[in-house]
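This briefing concerns a single protein chain, shown below. The notes that follow are grouped by topic.

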Amino acid sequence: MTAPTITDPQLALVRTAAEAALAVLPTSRELLVGAPVTASADMLTTGQAVTAKFSGAATGEVVVVVGQDLADALKESPLGELDLTAAVRPALEAAARAFGPVVLDPGQLMEPGVALSAIAAKDGAVAVPLLDGGDIRAVIALALAPWPSGAAPGGVARRGEGAAPMRGGLDMLHDVEMEVSAELGRTRMSVRELLSLIPGAIVELDRAAGSPADLLVNGRLIARGEVVVIDENFGIRITEIVSPGSERE
């Protein structure tokens, strides 16, 4: 693995980001921050990875890869199986915020090689191994667009000192993923009716045939449309955008 082609102040900032992430990474091992290197898929091949995009004072992507021992420890914790994405989110946030105030998306669980390959494909991607002796136990990988030209004293990009201004309004939410669902209709049933359902039973909904389906974002109605078939998959052709505050018909 070769050294990434970014400046020494930028490398210092990456190391600061890795140290911030390590401070809140849920591991009982005493890990050390290694030298930043070019990200590659073979840095850590077993375990799990969580990747998230961030935007604000800096824009980019951060990946936290944990080895199989840590992934297994989270599955067998005294509190039961812990969600890895939630468990490492503080580390994702800490690494991103080393570059200034940012908004982080919910994050996505991936295989280590897939996550590291994806970020390695980005220009100037840098990875910092977290070491136990000579063994890599975790990896913090970062890619920014563009990289900051330098670092504040001590390697920390301080708020108001050379950091790019935060984007305002909805721009900050452009990369945030939201759950979109389509609803054909609703009905109310008693517990007795639910228990009597069998394969082949028909449940009547509160919509007439041919009525538009509702399109909801995080459970909130935003549009209506016609159900269509696209390459053997269902889709919705939007026919109406619902104004805020409109009541469900």
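Glu232 lies in the loop between β11 and β12, where helices (H or I, at least four residues) and strands (E, at least two) are DSSP runs numbered from the N terminus. The model is predicted: local features need pLDDT of at least 70, side-chain atom pairs count only at pLDDT 80 or more, and totals for chains, interfaces and linings use all residues. Residues are numbered from 1 along each chain as its sequence is written, and side-chain values use heavy atoms, with hydrogens and water left out.

- Phi of Glu232 is near 70°, a positive value in a residue other than glycine.
- Glu232 is exposed, with a relative accessible area of 78%; buried means under 20% relative accessible area, exposed over 50%, and partly exposed in between (1.4 Å probe, protein chains only).
- Asp231 is found in the loop between β11 (220–230) and β12 (233–241), and its phi, near 50°, is likewise positive in a residue other than glycine.
- Asp231 is exposed, at a relative accessible area of 71%.

**Overall architecture**
- Five helices and 12 strands make up the secondary structure of the chain.
- Of the 249 residues of the chain, 39% count as buried.
- Among contacts (heavy atoms within 4.5 Å) between residues at least 6 apart in sequence, 63% join residues at least 24 apart.
- The accessible surface of the chain comes to about 14,500 Å², and carbon and sulfur atoms account for 54% of this; areas come from the Shrake-Rupley method with a 1.4 Å probe, and for residues only the protein chains shown count as cover.

**Confidence**
- The mean pLDDT of the chain (the predictor's confidence in each residue, from 0 to 100) is 80, and 80% of its residues reach 70 or more.
- Residues 151–173 stay under 50 in pLDDT, and the model has 31 contacts beyond four places in sequence for them.
- Where pLDDT is low, the predicted coordinates should not be read in detail.

**Helix α1**
- Helix α1 (residues 8–23) has 16 residues and reaches 23 Å from its first C-alpha to its last, close to the 22 Å expected at 1.5 Å a residue; the expected span is 1.5 Å times one less than the number of residues.
- The buried residues of α1 include Leu11, Val14, Ala18 and Leu22.
- These buried residues of α1 pack against β1 (32–33), α3 (84–97), β7 (126–132) and β8 (135–144).

- Leu32 is found in strand β1 and counts as exposed, at 56% relative accessibility.
- Leaving aside neighbours within four places in sequence, Leu32 is in contact with Pro129, Leu130 and Leu131.
- The C-alpha atoms of Leu32 and Gly134 are separated by 9.8 Å, although these residues are 102 residues apart along the chain.

**Cis peptide bond**
- Ala145 and Pro146 are joined by a cis peptide bond, with omega about -10°.
- Pro146 has its place in the loop between β8 and β9 (180–183).

**Nonpolar surface patch**
- Leu184, Met189, Leu194, Leu197, Val203, Leu205, Val227, Val229 and Phe234 form a nonpolar patch on the surface, with about 840 Å² of accessible area together.
- Patches are made of residues with over 30% relative accessible area and no salt bridge, with like charges joined within 9 Å and nonpolar side chains (Val, Leu, Ile, Met, Phe, Trp, Tyr) within 5 Å; a salt bridge is a side-chain nitrogen of Lys or Arg within 4 Å of a carboxyl oxygen of Asp or Glu.
- Leu205 is found in the loop between α5 (191–195) and β10 (213–217), and is partly exposed, with a relative accessible area of 36%.
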